Amino acid sequence: MAVATRTAYGEALAELIKTNEKIVVLDADLTKSTKTNAAQTACPERHYNMGIAEANMTSVAAGFAANGYTAFASTFAMFATGRSWEQVRNSIAYPQLDVKICGTHSGIAVGEDGVSHQAIEDIAIMRVIPGMEVYSPCDQWQTREVIKYVATTGKPCYVRLGRANVEDVYTADYKFDPTKISVLNEGKDVAIFATGLMVQKSMEALELLKAEGFNPTIVNVCSIKPLDEDGVLEVLKNHKHIITVEEHNVIGGLGSAISDVSVKSYPKLITKIGLQDHFAESAEFNQLLDKYGLDAKAIVKAVKEIVK
Amino acid sequence: MEKLQTHTKNIRKNIIKMVHNAKSGHIGGALSATELMTVLYFEEANITAENIKSNDRDKVVFSKGHASALLYSVLSEAKLTDIDVMTYRLINSKLQGHPNMNYVDGVDMSTGSLGQGISAAVGMAMANKLSKNDNRIYVLLGDGETEEGQVWEAAMAASHYNLDNLCVVLDNNNLQIDGDICKVMNPKPLDEKFKAFGWNLVEIDGHNLDEIRAAYKEAREFKGKPTLILAHTVKGKGVSFMENQAGWHGIAPSDEQLEQALKELEAE
């Protein structure tokens with residue numbers, strides 16, 4: 001079934017807020033878009049609209065955490081990580097307060113809204129902050145599990161969520177292990193590390209590639225930080241070619257995180273699929289994925305080129 | 001001389017010694033808020049060495065985190081926490097140039113980047129309302145700091161959520177690093193602006209102990225709105241050659257200047 005990760009987030013939060021009295025939810029005038037309106041309905045007294053003032057919302061979340069609450073702060077990924085970056089760094093990450101920055105509409109999935117609303121740097125600017133954890137779930141089941149998990153850590157994190165409906169990768173009985181990458185297909189020669197909705201695109205590519213006799217390994221990396229370095233190293237060692245795929249600039253995101261492990265422990269050539277250090281534009285989401293080389297076709301092409 | 005004045009004198013002397021020893025730090029804006037914070041910690045806020053680790057007490061956020069020498073000095077003078085103020089800004093010390101809440105009991109928020117502390121205090125006041133915790137949240141805010149847009153986002157939110165458990169003390173010493181606040185980027189009229197944002201306003205001489213006491217009392221008793229105490233102060237207060245000098249915002253005194261400053265404070 002196709003469900004947006006933001007919808008799964010909203011539903012998971014609505015469940016959690018009913019049972020966990022320490023949870024508060026903050027939003028910046030986007031409750032219907034971020035889907036925190038579900039938590040608002042479930043528990044109106046612990047849901048706060050902070051208006052169109054993201055910097056204040058982020059530091060207010062820190063204040064709630066300083067006085068014993070677990071604060072979820074949501075808006076579009078662009079503003080949650082970009083406009084409020086320094087509030088995340090200084091008010092939340094430095095004092096290690098229990099705040100979950102949950103940014104929806106990440107990547108270019110906002111489509112027609114265009115570049116001002118397309119967060120293609122969010123993974124980079126969050127993972128670079130000391131102690132900041134970064135989770136990028138790929139489907140509704142992984143999202144529900146990630147939200148349940150981050151509510152228990154007592155630490156800050158960023159959760160990257162999407163606008164578009166995405167097919168299930170996992171099933172309702174999925175259990176999230178933050179210490180492990182998730183190998184979805186054990187193939188050979190080529191390994192593809194993907195995150196977010198590019199996991200589904202990689203699985204689509206796998207079907208196309210299988211028809212032509214290729215069988216790449218597909219790895220879903222949800223916990224970009226902390227990263228399962230041993231697991232990544234194992235994959236690097238067991239494959240000739242490595243590809244990373246992300247709906248993000250190729251600078252600073254998943255591709256860079258995998259490269260960091262490689263550089264340190266097992267140097268390899270790595271092909272990075274993502275936005276090639278340029279902005280996208282306004283258009284229907286699937287047209288954007290096609291134009292900017294973020295669909296199954298592009299992954300298939302990259303695999304064939306690399307093997308040749 | 002009343003006892004509190006002995007404390008303000010000791011606190012001022014320590015601030016100057018700390019910054020001299022560290023060869024860096026912010027003296028002017030620490031000296032301007034000394035009475036305001038001394039009355040708060042010694043008389044108004046229910047903070048004790050026993051409850052210092054608890055959430056069940058009043059909290060104070062130094063939104064102007066660069067006044068850290070004042071914060072450490074007052075915590076030490078009030079014997080609220082065990083710190084060696086002379087390690088201020090030195091390697092391996094808990095006393096960071098801008099305060100870290102995880103290093104020192106009694107530092108209630110990590111601050112330093114202007115504008116963020118008041119927002120965090122709004123969050124703490126909202127948290128107290130939610131948990132029916134009657135303790136109060138105090139903020140020391142700089143006047144130059146009000147040039148940060150985030151201060152007004154916080155002011156709007158505090159009024160929107162009727163945070164009468166929040167009291168912001170505005171240290172209006174009229175100077176910022178580059179000079180007169182009205183010349184650098186005029187934030188005035190601060191009284192009218194906060195009133196327009198829905199705040200209760202009390203205006204005082206920020207060095208007059210009785211006026212400070214009365215202001216905290218009024219803030220505590222006022223219901224339905226957050227209170228701003230607009231405190232008129234003198235930057236560098238207590239040391240003749242530092243008073244009203246923007247240059248003393250963030251520099252350390254020489255050995256001779258230290259000696260002169262301590263002599264003046266002792267003679268007061």
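Let's start inside chain A: 26 residues of domain 1 touch 29 residues of domain 2. Contact here means that the C-beta atoms of two residues, placed from the backbone, lie within 7 Å.

A word on the source. This is a predicted model, where local features need pLDDT of at least 70 and side-chain atom pairs count only at pLDDT 80 or more, while totals for chains, interfaces and linings use all residues. Residues are numbered from 1 along each chain as its sequence is written, and chains are lettered from A and ligands numbered from 1 in the order in which they are written.

Back to the domains. Domain 1 of chain A covers 3-166, and domain 2 covers 182-307. Those bounds come from an automatic or database domain assignment. Taken over C-alpha atoms, the two centres are 25 Å apart.

Which elements of chain A give two or more residues to the domain 1 side? They are α7 (122-127), β6 (133-135) and α8 (140-153). Helices are DSSP runs of H or I, at least four residues; strands are runs of E, at least two; numbering goes from the N terminus. The domain 1 side divides into 13 nonpolar, 7 polar and 6 charged residues. Nonpolar is Ala, Val, Leu, Ile, Met, Phe, Trp, Tyr, Cys and Pro; charged is Asp, Glu, Lys and Arg; the others, Gly among them, are polar.

Now chain A as a whole. It has 13 helices and 14 strands. Its C-alpha atoms fill a box of roughly 60 × 40 × 35 Å along the principal axes. Buried residues are 59% of the 308. Buried means 20 or more other C-beta atoms within 10 Å of the residue's own, with C-beta atoms placed from the backbone.

Next, chain against chain. On chain B, 24 residues contact 23 residues of chain A. Helices α5 (116-130) and α6 (149-160) of chain B each supply at least two residues of that chain B side. The largest share, 11 residues, is from α5(B). The chain B side has 11 nonpolar, 11 polar and 2 charged residues.

Last, a helix pair in chain B. Helix α1 (residues 3-22) and helix α10 (residues 255-267) pack at about 175 degrees, axes 10 Å apart. Axes are lines fitted to C-alpha atoms over the stretch in contact, and angles run from 0 to 180 degrees between N-to-C directions. So α1(B) and α10(B) are roughly antiparallel, the word for angles over 145 degrees. Among the residues making the contact are I16(B) of α1(B) and L262(B) of α10(B).

Definitions and conventions. Buried ≥ 20, exposed ≤ 12 C-beta atoms within 10 Å, placed from the backbone. Parallel < 35°, antiparallel > 145°, perpendicular 65-115°, else oblique.
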